[in-house]
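Please read them with the structure in view.

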Amino acid sequence: MPRRDDIRKILVLGSGPIVIGQAAEFDYSGAQACKVLLEEGYEVVLVNSNPATIMTDPEFATATYVEPLLPESVARVIEREKPDALLPTLGGGTALNLARALWEDGTLGRHRVELIGANYEVIRRAEDRLLFRETMEAAGLRVPRSAVVTRMAEAERALASVGLPAILRPGFTMGGEGGGVAVTESEFREKVAEGLMASPIGQVLVEESVIGWGEFELEVMRDRNDNVVIVCSIENVDPMGVHTGDSVTVAPQQTLTDRQYQALRDQALTVIRAVGVETGGSNIQFAVNPDTDEIVVIEMNPRVSRSSALASKATGFPIAKIAARLAMGYALEEIDNDITRRTPASFEPTIDYVVVKWPRFAFEKFPGADGRLDTHMQSVGEVMAIGRTFKQAFAKAMRSRELDVAPAAPDDDEELLARLEQPSHDRFELLMEAMLRGAGDAELKARTHIDPWFLAEIGALARGKDPEAGLARTFKSVDTCAAEFEASARDPTGRATRSAAATAARW
Amino acid sequence: MTGPGYLLLEDGSRFDGELCGAAAEATGEVVFNTSMSGYQESVTDPSYAAQIIVFTYPHVGNYGVSARAMESDRIHARAVIMREGVDREDSPGAEGGWLTWLDDCGVPALTGVDTRALVRHIRDKGAMRGGVFAATVAESDARERVMAEPSMVGRDLAREATPAEPVILDPDAPGPRVVALDTGIKSSIVRNLRERGVRLELHPCDTSSAELRTREPDAVFLANGPGDPAALDYVVGTVRDLVGEVPVFGICLGHQLLCRAVGLETFKLPFGHRGANHPVKDLASGRIDITSQNHGFAVQGPHGELRIESDEPIRWETDFGAAELAQLNLYDRTVEGLVLRDVPGATVQYHPEAGPGPHDAEYLFDRFLEMVAV
């Protein structure tokens, strides 16, 4: 299918200021997408309230507006520029919510602006908890038991069916703002009240806890011909209960059998089709019960997300660029793999290395904060490292955080083990200290629910076995295909691939 | 077994590592697989007979081994080469440790190998013979043993993978009677057919067409399997007798055998397709499936070409009328499947049964059975 000629001018929304709870990678993905749109001959109108971004540099758009990302100001830009289409999938949750508001207040309809990448129905089905749940159940997929509440009295009734601990997720917020895990009834009431305040639509989802289950994410792309590929699987080393932005994560997944992984893959295909994302990428999160193989769908983001930025860098598959091309009407098979240059983008990257992402916290700057982690994202940044093994990548990422204050472990062994039960910013330092003091894997598994494979690998690191001892330095590059095809000498993929390649310095 | 060891290739290249698995030597054709999971399914796939598998994904063994991941009754690969093999039994679904199991099955393995350098070597130079040896074995002795391993070209390995006696499954099933020539069929293929109600029979690959006719088949199925299709003229002859009489469907080696039976030619790919991420376009529907692949040979185009440059359903003139290109590999544009237009028959080069790999192409089993019903 050729590029769409019926649209000429495209409005792109940025993600605004960099705040705790929302990743800073949207500038990168937005800039990549703007470049592609311009290359294809479209006029690009960009709105972003944050001038300290690459995407607001003059060469990335035909017209750039540094305006508040609010319906009124963006409506004025639309009146003046009269764009044919709005691409809302590159500026995180901010842009998606803004597009939804502009549709609902009639601005888009009045000016005949088409939503491309994700239309209004898709945004609603993915972001409205109740609709999402109904969509999943209609597609035959299991979601955690839950109830949507708008008043405290409803929350009390929901508590009876869902039970404690319960997860609270306010509707239409970013980074889980106002959400959390409630273990006691008083915590439950407190957090419901917070959530109702934080949600712009005054809605909180009260949800069955799958805390301790394995948490997995799949990055999925779909084109207008209904071809779907999985760009990357990501496993959270921290089990369910910690926001994925605050979790140590690894790509690809490490602990699922092929049978389990294929079951996730099948479900991811069902999810993206059921929600109805026609062109572009989505991030889909699952919880897997390690003992029963049971899978529940947690959520999906019908847009470029923090995880897709990670997946792009991890695999060499430029999700933002390709999402922009798909929105223009191209099919995956019509887009070249930037790295091999000989194979199309309608494939699934396979990698022969391990990528670890580690969050960077700054609790030392917030004296009142206790450093405990839950479903509300608190990290201020992240580090990604590539190694040929998990141990290499984990160690590289860990030291690359360049912490100002080294975490301290309590002297008392029992206190140390007890602290491990509650996820915290210093959890892995504490875990490694406990391992050094001789705590067994079974004990640590019971306290943390971390998969035994990760415990064994981290244990080997803690006990001082240098994963890089005796290795020669060599240069490897991210090539999307585990070396099956030769990477093109001239590497046009831009920042993602070059920085990833530079990190992959040892085998 | 532990201690230093190495892989020696027939061109003299050497890759060092640590021995693990069984205390044995092994020689075979060295091939690489790019899947990131499914190691147990791969080594038990009979198509890997006489081959040494290099896994490009560094961590192998993470979730142990279990009975349900078997693709046959034993390991067919000769040896396994890994960057970081691990023996773990504590994964929730594990019934045993990967390295312990390799040892129990008598299969040697190397870990700690720079598999990316090895894969790039094979990619550039082609699949070749090699062997796994302890460091104490002199390279000159090792080389002699590698050179004594027969080349894959012209090699009949189906006889080693085929059952001695026919196996009759589900004689009372409601579906059509499908008679398979078992050149090393994978359990996932058997499962997919049985799940669809087929009365399936597996016959030794040297069964004659006359004997197969006595089974009164509604269809003949040609299985996957190891070795060079050009060395299986006796199977090709059997298939040739049956084409036109009953619908014939083939997967992988079976695809190559059916193609040869109607007069088409096969050739050896430089390093083959082994993995779970190859895009294949189904020309009739336009859909692109991500497929599981494991083959070293492929079918030539109508004019002897190795790559098909257009996405059109081009035609071959075969001894049984027209054959039409039905599926195409978008990586290297090789033939992935075709349908016979004048007699009932269809084949695919890839693995719709997955095991391991994605399930995108499972619908081909339904398509096949629709063809049988007509």
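Predicted model: local features only at pLDDT ≥ 70, side-chain atom pairs only at ≥ 80, totals over all residues.

1. Domains of chain A. Chain A is divided into domain 1 (9-116), domain 2 (145-208), domain 3 (211-403 + 469-495) and domain 4 (406-464). Between the C-alpha centres of domain 2 of chain A and domain 3 of chain A the distance is 28 Å.

2. Where domain 2 meets domain 3. In chain A, eleven residues of domain 2 are in contact with nine residues of domain 3. The area buried between these two domains is about 760 Å², and carbon and sulfur atoms give 57% of that area. The count between domain 2 and domain 3 of chain A is one salt bridge; the side chains of Lys191(A) and Asp374(A) meet in a salt bridge with an N to O distance of 4.0 Å. Strand 7 (166-170) and strand 8 (180-182) of chain A are the elements that give two or more residues to the side of domain 2 that touches domain 3. The largest share of that side, three residues, comes from strand 7 of chain A. By residue type, the side divides into three nonpolar, five polar and three charged.

3. Arg333(B). This residue sits in the loop between strand 18 (321-329) and strand 19 (335-340) of chain B. Is Arg333(B) buried or exposed? Its relative accessible area is 13%, so Arg333(B) is buried. The side chain of Arg333(B) reaches the backbone oxygen of Glu309(B) at 3.3 Å, and a polar atom of that side chain lies 3.3 Å from the backbone oxygen of Ser310(B). Leaving aside neighbours within four places in sequence, the contacts of Arg333(B) include Leu306(B), Ile308(B) and Leu328(B).

4. Arg447(A) and its two partners. Glu414(A) forms a salt bridge with Arg447(A), with the closest N and O atoms 3.3 Å apart. Glu414(A) lies in helix 13 (residues 413-420) and Arg447(A) in helix 15 (residues 441-448) of chain A, so this pair ties together parts that are 33 residues apart in sequence. Arg447(A) also meets Glu443(A) in a salt bridge at 2.8 Å, N to O. Arg447(A) and Glu443(A) are separated by about one helical turn, because they are four residues apart in helix 15 of chain A. Arg447(A) counts as buried at 15% relative accessibility, whereas Glu414(A) is partly exposed at 44% and Glu443(A) is partly exposed at 34%.

5. The side chains of Asp289(B) and Arg287(B) meet in a salt bridge at 2.9 Å, N to O. Asp289(B) is buried, with a relative accessible area of 1%, while Arg287(B) is partly exposed at 32%. Elsewhere, salt bridges that share partners join Glu333(A), Lys281(B), Arg307(B), Glu309(B), Asp311(B) and Arg333(B) into one network.

Methods
Residues numbered from 1 in each chain as written. Chains lettered and ligands numbered in written order. Heavy atoms only, no water. Domains from an automatic or database assignment. Contact = heavy atoms within 4.5 Å. Buried area = accessible area lost by both parts, 1.4 Å probe. Nonpolar A, V, L, I, M, F, W, Y, C, P; charged D, E, K, R; others polar. Buried < 20%, exposed > 50% of the residue type's maximum accessible area, 1.4 Å probe, protein only. Polar contact = N/O pair within 3.5 Å; in protein donor to acceptor, adjacent residues only side chain to side chain.
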